[in-house]
Structures are given as C-alpha cells and as structure tokens.
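Visitor: Could you walk me through reading a few features of a protein model?
Guide: Gladly; here is the one to look at.

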Amino acid sequence: MEFEEKQGLKIWWLYLVTAITVLPTLLILIFQKDGEALHQFKKMYYAPAFAILLPFLIIFLIQQNQLTLKINTEGISFRYFPFHFKPSVYQWTSIEKAYIRKYDAFSEYGGYGVKTRLWFKFKDKAYILNDKNRGLQLEFKNGKKLLFSSNKIDEMEMFLINLKTRYKIQAIQ
C-alpha cells in the first residue's frame with residue numbers, strides 16, 4: 001500500500017517575461033543606426049546568440065526539477081531531483097503530526113519552490129511546486145515542520161485516512 005506523486009515546477013509565463021525583456025535588446029542590436037551594431041554582432045560569432053538563449057536554457061533546466069513524494073506504512077519519503085540523489089525518509093515514529101492544510105505560498109513562504117518560512121522561522125520548510133493552496137504538513141517531534149504541495153490532494157487525503165484506520169498510525173490527524 002503506497003501513495004506516490006511526482007510534480008515539477010511549471011512556470012510557462014517565465015518564458016514570456018524573458019522573451020519580452022530580451023526582444024528589445026535584440027532589436028536595438030540589429031536595427032541600430034548606421035548598421036554598426038549589426039556589423040559588430042556578426043564579428044562576435046556565437047556570443048550574442050548564447051547570451052540571448054542562456055535565460056531560456058536556465059528556465060528550461062529549472063523546469064526539469066521533479067519532486068517525488070511517497071507515503072506508505074513505513075513513513076514518508078521524498079526526493080527532489082537534481083538536488084537530492086537519494087530519497088529522504090521519515091519514519092512515522094519521528095513524525096508527531098501529519099495533516100492536510102491550507103497555505104498561502106506568497107504570504108507564508110514568499111513564493112514557489114523550495115522555501116523556508118518567512119519571518120526567520122528556519123525550522124519550517126516547504127516544497128511548493130504548484131499554484132494550489134492545500135498541501136501535506138508534517139510536524140516532527142524535534143520541532144521542525146515540512147510542507148509539500150500536491151496536485152492530487154483529495155487522493156492523498158483519502159490515502160492518509162485509509163492508512164490511519166487500517167494501521168492505526170497516531171501521527172495522521
């Protein structure tokens with residue numbers, strides 16, 4: 001019995017914003033008076049093309065990140081590729097509470113991605129990779145907190161309820 005979810009950070013609008021900022025620079029270089037800039041542009045070979053394409057490449061690489069969250073009778077494990085090569089595993093014995101809660105990504109954590117809670121609450125970390133407002137909150141016995149966003153929150157909630165009733169796991173609220 002296992003619940004698994006894979007999700008990534010999908011920020012399609014960042015391509016649009018980058019294109020809007022790069023396009024004027026490119027147009028100035030190409031259509032500058034006297035054609036001097038275009039002549040120098042041709043002499044530099046691939047450097048300008050690389051400088052224009054680099055932001056798009058960085059965005060593409062960011063979007064290749066993938067969070068894999070697994071919940072089973074043993075505990076909860078997650079891996080955020082390419083930053084975690086081995087999954088981080090938390091046993092149910094080390095978790096004080098596990099529950100689904102509403103959150104606000106911007107006011108609580110300052111946006112999307114891997115975030116630490118605002119206002120110097122360093123023991124509270126979140127993996128927010130979508131624009132939904134509900135996720136799995138874990139509170140550990142050592143005082144740390146961990147939040148995971150989810151695209152399949154209803155399925156996860158049903159799985160946690162089933163896990164709690166079948167295996168009598170006290171940490172699940």
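Predicted model: local features only at pLDDT ≥ 70, side-chain atom pairs only at ≥ 80, totals over all residues.

Guide: Residues are numbered from 1 along each chain as its sequence is written, and side-chain values use heavy atoms, with hydrogens and water left out.

Visitor: How many salt bridges does the count come to?
Guide: A salt bridge puts a side-chain nitrogen of Lys or Arg within 4 Å of a carboxyl oxygen of Asp or Glu. By this rule there are five salt bridges.

Visitor: Which residues are linked in a network of salt bridges?
Guide: The network links Arg-101, Glu-108, Arg-117 and Asp-124. Arg-117 meets Glu-108 at 3.3 Å, N to O, and Asp-124 with closest N and O atoms 3.2 Å apart.

Visitor: Is Asp-124 buried or exposed?
Guide: Buried means under 20% relative accessible area, exposed over 50%, and partly exposed in between (1.4 Å probe, protein chains only). Asp-124 is buried because its relative accessibility is 6%. Glu-108, at 15%, is buried too, while Arg-117 is partly exposed at 22%.

Visitor: What does Arg-134 pair with?
Guide: Arg-134 forms a salt bridge with Glu-157 (3.3 Å, N to O). This pair links distant parts of the chain, 23 residues apart: Arg-134 is in strand E8 (residues 134-140) and Glu-157 in helix H5 (residues 153-167). Helices (H or I, at least four residues) and strands (E, at least two) are DSSP runs, numbered from the N terminus. Arg-134 is partly exposed at 25%, and Glu-157 is partly exposed at 29%.
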